[in-house]
Amino acid sequence: MLVVHVFVHVTPASVSAFDAATRENARHSVEEPGVVRFDVLQQEDDPTRFVLVEIYRTAEDPARHKATPHYARWRDAVEPMMAEPRRSVKYRAVAPEPARWEMPA
């Protein structure tokens, strides 16, 4: 399992639009076979900062995700909303065991 944290800082005027576009992307992302979870977090003390927590089954699944039409729509829509370039950090899942990361059906 591969866990990716994407750190996003948007302009204050873009918070609502970014939230809506990202929720839509997340809704479609969890339908992908290689996506275990796709969580969207908003920083409590600074609502212009978000973290996307993307959990993939294999190291190849992020590339498959980035090839989807919904990702391309999201990427193009949110790019002008950024206060600074987004960045990501990849992690290897250690615990719990892979089945416990799955969202309930």
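Buried means under 20% relative accessible area, exposed means over 50%, and partly exposed lies in between (1.4 Å probe, protein chains only). A72 shows the middle class: at 23% relative accessibility, A72 counts as partly exposed. The model is predicted, so local features need pLDDT of at least 70 and side-chain atom pairs count only at pLDDT 80 or more, while totals for chains, interfaces and linings use all residues. Residues are numbered from 1 along each chain as its sequence is written, and side-chain values use heavy atoms, with hydrogens and water left out.

Start with the whole chain. The protein has 3 helices and 4 strands. Helices (H or I, at least four residues) and strands (E, at least two) are DSSP runs, numbered from the N terminus. Read from the N terminus, the order of elements is β-α-β-β-α-α-β. The radius of gyration is 14 Å, close to the 13 Å that the globule rule gives for 105 residues, so the protein is as compact as a globular protein of that length. That radius is taken over C-alpha atoms, and the globule rule is 2.2 Å times the number of residues to the power 0.38. Along the principal axes, the C-alpha trace spans about 40 × 30 × 25 Å.

Next come cover and contacts. Of the 105 residues, 38% count as buried. Contact means heavy atoms within 4.5 Å. Among the contacts with a separation of 6 or more, 69% come from residues 24 or more positions apart. The accessible surface comes to about 6400 Å², and 56% of it belongs to carbon and sulfur atoms. These areas come from the Shrake-Rupley method with a 1.4 Å probe; for residues, only the protein chains shown count as cover.

Charge can be stated briefly. The protein carries 14 positive and 16 negative side chains, and the centres of the two sets lie 4 Å apart. Lys and Arg count as positive, Asp and Glu as negative; His and the chain ends are not counted. Each charge is placed at NZ of Lys, CZ of Arg, CG of Asp or CD of Glu.

Now follow the strands. Two strands pair if DSSP finds at least two bridges between them. Strand 1 (residues 2-9) is mostly covered, with 6 of its 8 residues buried. Strand 1 pairs with strand 3 in the antiparallel sense over 8 bridges. Within that pairing, the bridge partner of F7 is V51 in strand 3. Strand 1 also runs antiparallel to strand 4, joined by 6 bridges. Here V6 stands opposite S88 in strand 4.

Strand 3 has another antiparallel partner: 7 bridges join strand 2 (residues 35-42) to strand 3 (residues 49-56). R37 stands opposite I55 in strand 3. A hairpin through 6 residues joins strand 2 to strand 3.

V3 counts as buried, at 5% relative accessibility. V3 and V53 are 50 residues apart along the chain, yet their C-alpha atoms are separated by 7.0 Å. Leaving aside residues up to four places away in sequence, V3 touches V53, E54, I55, V89, K90, Y91, A93 and W101.

V8 is also found in strand 1. V8 is buried, with a relative accessible area of 3%. Not counting residues up to four places away in sequence, V8 touches F18, T48, R49, F50, M82 and R86.

S16 is found in helix 1 (residues 15-29). S16 counts as exposed, at 60% relative accessibility. From S16 to V36 is 20 residues in sequence and 26 Å in space, C-alpha to C-alpha. A72, the partly exposed residue of the opening, lies in helix 3 (residues 69-78). The C-alpha atoms of A72 and N25 are separated by 9.4 Å, and the two residues are 47 residues apart along the chain.

Finish beyond strand 4. P96 sits in the segment after strand 4 (87-92). A cis peptide bond joins A95 and P96, with omega at about 5°.
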